[in-house]
Amino acid sequence: MNLHSYKTWILDCDGVLLDSNTVKAEAFYEVALPYGKDNAEALVAYHKEFGGISRFKKIQYFFKQILKKKDFQQEMEEVIDQFGDIVRTRLLKCPETEGLHSFLAKISKAKRKIVVSGGMQKELLDVFSQRSLTRYFNNIYGSPDTKPDILKRELEQGLLKSPMVYIGDSKHDYECAKIYNSDFIFMTQYSEFIGWEEYFKDKPVFITSNLKALACQII
C-alpha cells in the first residue's frame, strides 16, 4: 500500500481520531439503564456489534426489538437527546488517539481529507471546532446522513479524488470503503470489533495499531 500517493483520505472519528468508543458505549448504557440492566447491556452489545451505525438506528432498535414497544417515538426522542447531552460533554474531554497530529501533518498535502462519522454532524462540528481540529479537514460529516449516503454524495459531486483510502475501526467502515472502491486501513488499538482478526484475514486491508504507527509508514 503506497500511503503517500493517496489524494483522498476518509477518516472515521470514534476510535480513529478520538479515543471515544468507550464514551459512546457508556452513554448507551446510561440512557438504557432505567429500562433495566439486562436491557442496557443488550443495547451496548448491539452498539458494539454494529459500530459506525448512527445512534438513531441503535436506539430505535432498542425500543422496537429489545423492549418490544410499539408506541415509542416521543420516548425515543427524549432518550436520543439525553444520549447527545452525555456524548457532547465527554467528546470534549476524551483523549485524541495516539499519533493524531503527527499523522495529520503527514497527510496535509493530500487534495481531500474528510471525516465520515456515525455521530451527529452538528455535534461533531462543535466538538472539532472546540478541539481545534476543524482546520485539518475539508469537511466533517455525520448523521442523520448515513456513511454510504455521505460517500455517494461526495462521489456524485466529483469530490472523491482517486486513489483514495478509508481509515476505520469497524466492519461497517470496511463495507462502506468496499462499496466505493476505496482502499481500507483498519485501526486496531481502540476498536470494539470483536473477531476482527478472523474477519480480515483474507481481505485486502492494511492493518495498523494507531495513527502513530501509520504515520511512520508515510514517507
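F103 touches W9, L11, I167, L211, L214, A215 and I218, leaving aside residues up to four places away in sequence. The model is predicted. F103 is also among the residues with the most contacts inside the largest nonpolar core, which has 53 residues.

**Nonpolar cores**

- Besides F103, the residues with the most contacts inside the largest core are W9, L17, F128, F137 and I167.
- Helix α4 supplies the largest share of this core, 7 residues.
- In soluble globular proteins, nonpolar side chains tend to be buried together.

**Helix α4**

- Helix α4 runs over residues 73–91 and has 19 residues.
- From its first C-alpha to its last, α4 reaches 26 Å, close to the 27 Å expected at 1.5 Å a residue.
- The buried residues of α4 are M76, V79, I80, F83, G84, I86, V87 and L91.
- These buried residues pack against three helices: α1 (21–32), α3 (55–66) and α6 (121–130).

**Helix α1**

- Helix α1 has 12 residues and reaches 17 Å from first C-alpha to last, close to the expected 16 Å.
- Buried positions in α1 are N21, V23, K24, A25, A27, F28, V31 and A32.
- The packing partners of the buried α1 residues are α2 (37–49), α3, α4 and strand β2 (112–120).

**Aromatic pairs and cluster**

- A search of the whole structure finds 21 aromatic pairs.
- One of them joins F28 and F83 in a tilted arrangement, with 4.2 Å centre to centre and 35° between the planes.
- F28 lies in helix α1 and F83 in helix α4, so this pair ties together parts that are 55 residues apart in sequence.
- F28 and F83 are both buried.
- Y174 and F184 form an edge-to-face pair, 5.6 Å centre to centre with 70° between the planes.
- Y174 is in helix α8 (residues 171–179) and F184 in strand β5 (residues 183–187), 10 residues apart.
- Y174 and F184 are both buried.
- Y174 and F184 also belong to one aromatic cluster, together with Y166, F186, F193, W196, Y199 and F200.

**Charges over rings**

- The charged end of K203 sits over the ring of Y199, 4.1 Å from its centre.
- The charged end of R153 sits over the ring of Y141, at 5.2 Å from the ring centre.

**Cysteines**

- A search of the whole structure finds 0 disulfides.
- For C176, the closest cysteine sulfur is that of C13, and the two are 15 Å apart, too far for a bond.
- A disulfide would need the sulfur atoms within 2.5 Å.
- C176 is buried, with a relative accessible area of 1%.
- C216, in contrast, is exposed, with a relative accessible area of 60%.

Notes
Residues numbered from 1 in each chain as written. Predicted model: local features only at pLDDT ≥ 70, side-chain atom pairs only at ≥ 80, totals over all residues. Heavy atoms only, no water. Helix = DSSP H or I, 4+ residues; strand = E, 2+ residues; numbered from the N terminus. Expected span 1.5 Å × (residues − 1). Buried < 20%, exposed > 50% of the residue type's maximum accessible area, 1.4 Å probe, protein only. Contact = heavy atoms within 4.5 Å. Core = buried A, V, L, I, M, F, W, Y, C linked by side-chain atoms within 4.5 Å. Phe/Tyr/Trp six-rings, centres within 6.5 Å; stacked < 30°, edge-to-face > 60°. Lys NZ or Arg CZ within 6 Å of the ring centre and 35° of its normal.
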